Amino acid sequence: MPRITRVLVANRGEIAVRIFRACRELGIDTVAVYSEVDRDAVHVGFAHEAYLLGDTAPSASYLSIPKILAVAGRAGADAVHPGYGFLAENGGFARAVIDAGLTWIGPPPAAIEAAGDKLSARRIAARASVPSVPGSAEPIAGPEAITPFAEEHGWPVALKAAKGGGGRGFRVVRGAREAEEAFDGVTREAELSFGSSEIYMERYLENPRHIEIQILADQQGNAVYLGERDCSLQRRHQKLLEESPSPALDAQTRKAMGEAAVSFAKEVGYYSAGTVEFLYEQGPDGPRFFFLEMNTRLQVEHPVTELVTGVDLAHAMIRVAEGNPLTFSQAEVTLRGHAIECRINAEDPTSDFLPNPGSIGNYSEPGGPGVRVDSGARAGTVIPPSYDSLIAKLICYGADREEAIRRTIRALDEYRIEGLVTTIPFHRLVVSSPWFAEGTFSTKTIENDLDLSKLDLGLPGKAGAPLPKPRMVSLELEGKRFEVKFTELSGRQSKPKPPDQASRSLSGSGDTLTAPMQGTIVKVLRAKGDRVKAGDAILVLEAMKMENQITCHVDGVVKEIRVKPGQTVSIGAALAVVETG
Ligand code: MV4
């Protein structure tokens with residue numbers, strides 16, 4: 001297999017930045033794709049080249065296989081990395097990439113499809129002698145199958161969509177009276193969400209931990225496990241905090257789970273990075289674990305594994321995709337220290353983690369010993385409602401769990417994100433809690449044991465929240481340095497405008513739109529006399545090899561266009577005048 005020279009990352013946000021970094025370290029060119037709303041996103045600036053896919057809607061951009069392949073051809077990419085989410089576990093996309101003669105940086109399409117069907121995955125687990133929760137081997141035809149199953153295996157019973165995953169197409173039945181309504185509900189949801197109404201059932205474990213094993217396998221049949229990640233702190237099946245190693249696992253159980261995961265991977269003919277998820281609990285006879293599902297992608301939480309094993313998983317995926325064998329054996333895998341990842345989401349922990357899209361104001365990331373921030377954001381970044389709410393991941397490493405916790409607390413206190421409500425206060429509460437320090441939590445802890453409604457978000461002006469901390473500003477007057485304390489009384493956050501909007505300066509005869517950056521006028525989209533609305537694109541400015549639409553702030557009529565295509569403008573140059581009203 002020839003060496004990869006140019007990778008198109010069919011994704012956005014922090015994972016696109018992460019993969020671009022790996023490519024740059026390997027001397028590989030990078031191609032970004034973006035949607036309308038992502039035109040000025042951080043990931044676009046990280047690539048050597050960037051191409052517009054289309055509208056903001058994922059179906060018109062990051063989920064459009066024809067558009068992504070067309071860009072790959074236009075850009076001369078010879079490989080595609082899918083990241084996670086979007087098309088990462090779409091066997092059809094993998095096949096289309098391979099059929100286009102490009103290298104797919106991911107697992108074989110057949111493995112994606114086999115693992116994606118949860119019933120087929122259970123059958124593979126059985127063949128690989130991997131323990132699963134007692135359950136039905138085939139789809140169940142109706143609710144009448146539930147009570148006999150419970151009489152044999154016990155209540156409650158979990159109903160799951162065969163083509164499901166995550167938390168969708170999932171119901172818990174606690175008694176015969178609930179069976180029919182639960183079956184009908186999960187069947188409808190499965191059909192709507194996954195296009196298949198096939199449902200199967202398992203005995204439901206009440207308070208398991210969610211522990212997953214990182215797998216790395218090559219095309220020569222070698223496969224290793226790279227330790228585990230404890231992902232038990234979730235909210236409605238959305239992971240919020242992950243760590244490695246798990247505080248619950250002993251070495252013997254770790255080895256048994258790792259070997260089971262490798263056995264599953266080999267049975268499904270896997271290569272590349274992948275994750276086998278398990279449910280873990282302390283049974284009457286000791287710890288026990290059960291196969292849950294296999295994720296055939298690089299996961300959000302992969303950095304905690306990278307920090308405790310020293311393996312760069314993005315590098316490894318690229319090298320395996322080129323056909324290289326693994327460069328180490330299982331015996332050479334060592335786990336050292338402890339890593340904790342906090343997902344910094346634009347969500348409001350006091351409102352049930354309701355997504356909180358908007359523009360980031362002032363932004364500064366923590367750093368220092370043992371702190372890694374994988375971010376897709378900066379000041380001015382717009383977190384749109386169209387995609388997931390992940391802003392960045394804070395991953396902290398320590399020689400042991402206590403040091404990793406201390407570093408996480410310190411880093412969370414350093415992190416500054418203004419203009420949006422984020423999960424930072426939630427993480428600060430969790431990692432400083434005694435129950436977290438003791439490691440005694442499960443997948444139910446957040447929902448059952450935490451009252452977040454009173455969580456202090458530290459927002460200025462929010463009812464009950466303290467006014468912002470005074471800002472210290474250094475001044476030098478006649479050679480003498482002074483520290484001046486500024487306390488904002490109103491608590492109003494100054495929200496910088498998103499960079500794709502021309503800066504607005506009021507002038508006597510209306511609004512003059514000025515250039516937000518230096519660049520060359522590529523297109524003039526409006527003419528004198530055109531009626532425009534706030535947000536309408538007036539012209540296109542090319543800067544940093546990227547096209548930026550310059551939009552209008554106000555409703556009004558175009559009074560004057562002061563530039564022509566091909567003209568170079570400096571930052572602040574007058575571009576157009578719009579008569580408001
Ligand atoms: C389970 C389970 C307990 N018993 N299955 C299914 C979707 C996946 N993301 C997690 N799932 C679970 N399947 C059986 N037989 C517990 C989970 C589970 C979970 C369930 C409810 C609420 C949060 C959860 C977090 C992780 C795992």
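Reader: Is Phe353 buried or exposed?

Author: In this predicted model, Phe353 is buried because its relative accessible area is 6%, and the cut-off for buried is under 20%. Phe353 lies in the loop between E15 and E16.

Reader: What is the phi of Phe353?

Author: Most residues other than glycine have a negative phi. Phe353, although not a glycine, has a positive phi of about 60 degrees. Asp352 also has a positive phi of about 60 degrees, and Asp352 is found in the loop between strand E15 (347-348) and strand E16 (354-355). With 38% relative accessibility, Asp352 counts as partly exposed.

Reader: Which residues are joined by a cis peptide bond?

Author: Most peptide bonds are trans. Here a cis bond links Trp155 to Pro156, with omega about -10 degrees, and another links Ser244 to Pro245, with omega about -5 degrees. Pro156 sits in the loop between helix H7 (146-153) and strand E6 (157-165), whereas Pro245 sits in the loop between E11 and helix H9 (251-267).

Reader: Which way do the residues of E14 point?

Author: In a regular strand the side chains alternate between the two faces of the sheet. In E14, His338, Ile340, Cys342 and Ile344 point one way, while Ala339, Glu341, Arg343 and Asn345 point the other way, and all are buried.

Reader: Which strands pair with E14?

Author: Strand E11 (residues 238-244) pairs with E14 in the antiparallel sense over 4 bridges, with Glu341 as the bridge partner of Glu242. Strand E21 (residues 390-398) runs antiparallel to E14 and is joined to it by 8 bridges; there, Lys393 is the bridge partner of Arg343.

Note on methods. Residues numbered from 1 in each chain as written. Predicted model: local features only at pLDDT ≥ 70, side-chain atom pairs only at ≥ 80, totals over all residues. Heavy atoms only, no water. Buried < 20%, exposed > 50% of the residue type's maximum accessible area, 1.4 Å probe, protein only. Helix = DSSP H or I, 4+ residues; strand = E, 2+ residues; numbered from the N terminus. Pairing = 2+ DSSP bridges.
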